[in-house]
Amino acid sequence: MEFIINIKKDTKVFTIENNKIQEYYVKEIYLIGNDKNIIERDISCFIMLKLQRYNDGVNYFETNKRLYDVFLSKEDLLKQL
């Protein structure tokens, strides 16, 4: 089974925090959990993204979000509200 995620390093993604749309940049993608049967379920809850708010090399704020909490565009995010 092939699984493709079309998100690369430094891809801009959007999420909602404190009722505001926030913009982040993807720095890393990783899996969490130690359950060997994650393939039998929806794996979007096991895929985590390490995100950075600023992509300028000077300012620094990182957070981790689950894949299902981020969107590739503001329009996609607004459709889910």
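## Strand pairing, salt bridges and a nonpolar patch

Glu-28 is partly exposed, with 36% relative accessible area, and Lys-50 is its partner in a salt bridge whose closest N and O atoms are 3.8 Å apart. Since Lys-50 belongs to strand E3 and Glu-28 to strand E2, the pair ties together parts that are 22 residues apart in sequence. Keep in mind that this is a predicted model. In total, the structure holds five salt bridges.

**Strands**
- Strand E1 (residues 12-17) and strand E2 (residues 20-31) run antiparallel and are joined by six bridges.
- Two residues separate E1 and E2 in a hairpin, and Asn-18 in the turn has a positive phi of about 50°.
- Phe-14 has Glu-23 in E2 as its bridge partner.
- E2 is also joined by six bridges to strand E3 (residues 47-52), again antiparallel, with Tyr-25 opposite Gln-52 in E3.

**Salt bridges**
- Lys-27 and Asp-10 meet through their side chains at 2.5 Å, N to O; Lys-27 sits in strand E2 and Asp-10 in the segment before E1, 17 residues apart.
- Lys-27 is partly exposed at 21% relative accessibility, and Asp-10 is partly exposed at 35%.
- Glu-23 and Lys-12 form a salt bridge at 3.8 Å, N to O, so strands E2 and E1 are tied together by residues 11 apart in sequence.
- Glu-17, Arg-53 and Lys-65 are linked in a salt-bridge network.

**Nonpolar surface**
- Ile-16, Ile-21, Leu-78 and Leu-81 make a nonpolar surface patch of about 370 Å².
- Leu-81 lies in the segment after helix H1 (74-80) and is exposed, with a relative accessible area of 69%.

Key. Residues numbered from 1 in each chain as written. Predicted model: local features only at pLDDT ≥ 70, side-chain atom pairs only at ≥ 80, totals over all residues. Heavy atoms only, no water. Patch = residues over 30% accessible without salt bridge, like charges linked within 9 Å, V, L, I, M, F, W, Y side chains within 5 Å. Areas by Shrake-Rupley, 256 points an atom, 1.4 Å probe, with all protein chains shown as cover. Salt bridge = Lys/Arg side-chain N within 4 Å of Asp/Glu carboxyl O. Helix = DSSP H or I, 4+ residues; strand = E, 2+ residues; numbered from the N terminus. Buried < 20%, exposed > 50% of the residue type's maximum accessible area, 1.4 Å probe, protein only. Pairing = 2+ DSSP bridges.
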